[in-house]
Amino acid sequence: MEKKLIFPANILLESENEDALLDEIRRHAGAALQGHMILRMGLEEEEFLRFLCGEMRHIGMSRGVIRGGDMQVTEGPLKGMESQICKIDRHKRLAKLRASKRQNIRYIPAGLEIIEKTI
């Protein structure tokens, strides 16, 4: 098993008071923010990540089967999310999930082992 960051080039911050958080960032980061952007995550994306990662903020391994060309996740956090999966790499045991339905589409890697494939 290997652990990797979902968004390696980003820092995700969580706060109940967005204005206070932005003030603190600007006050303490100041010049370090030059050339960088602060983006607010949409509610849909936030709920998706909370559902997928759970309280531990970790995406566990999922398992599934492919029958007649249709993929079904049988266990793990991806169960019931088959419509979000846009690509499967069976060799690396990875699924690529679409995290947003809007213009700003993000893709998230998640562990998926296909344990059976039938025609």
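1. The largest pocket has a lining of 47 residues, and I6, F7, L12, M41 and L49 lie nearest its centre. A pocket here is an open set of points on a 1 Å grid over the protein atoms alone, where a 1.4 Å probe fits, with protein on both sides within 12 Å along at least five of seven lines; lining residues have an atom within 4 Å of a point. The space in this pocket is about 2,200 Å³.

2. This is a predicted model: local features need pLDDT of at least 70, side-chain atom pairs count only at pLDDT 80 or more, and totals for chains, interfaces and linings use all residues. Residues are numbered from 1 along each chain as its sequence is written, and side-chain values use heavy atoms, without hydrogens and water.

3. The lining of the largest pocket holds 23 nonpolar, 9 polar and 15 charged residues. Helix α1 gives the largest share, 5 residues. At least two residues each come from α1, α2 (43-53) and β5 (107-118). Helices (H or I, at least four residues) and strands (E, at least two) are DSSP runs.

4. N17 caps the N-terminal end of α1, with a side-chain oxygen 3.3 Å from the backbone nitrogen of D19.

5. The disulfide count is 0, where a disulfide is a pair of cysteine sulfur atoms within 2.5 Å. C53 is in no disulfide; the nearest cysteine sulfur, that of C86, is 16 Å away. C53 is buried (under 20% relative accessible area), at 12%.

Definitions and conventions. Polar contact = N/O pair within 3.5 Å; in protein donor to acceptor, adjacent residues only side chain to side chain. Points joined across faces, edges and corners; volume = space filled by probe spheres on them. Nonpolar A, V, L, I, M, F, W, Y, C, P; charged D, E, K, R; others polar. Buried < 20%, exposed > 50% of the residue type's maximum accessible area, 1.4 Å probe, protein only.
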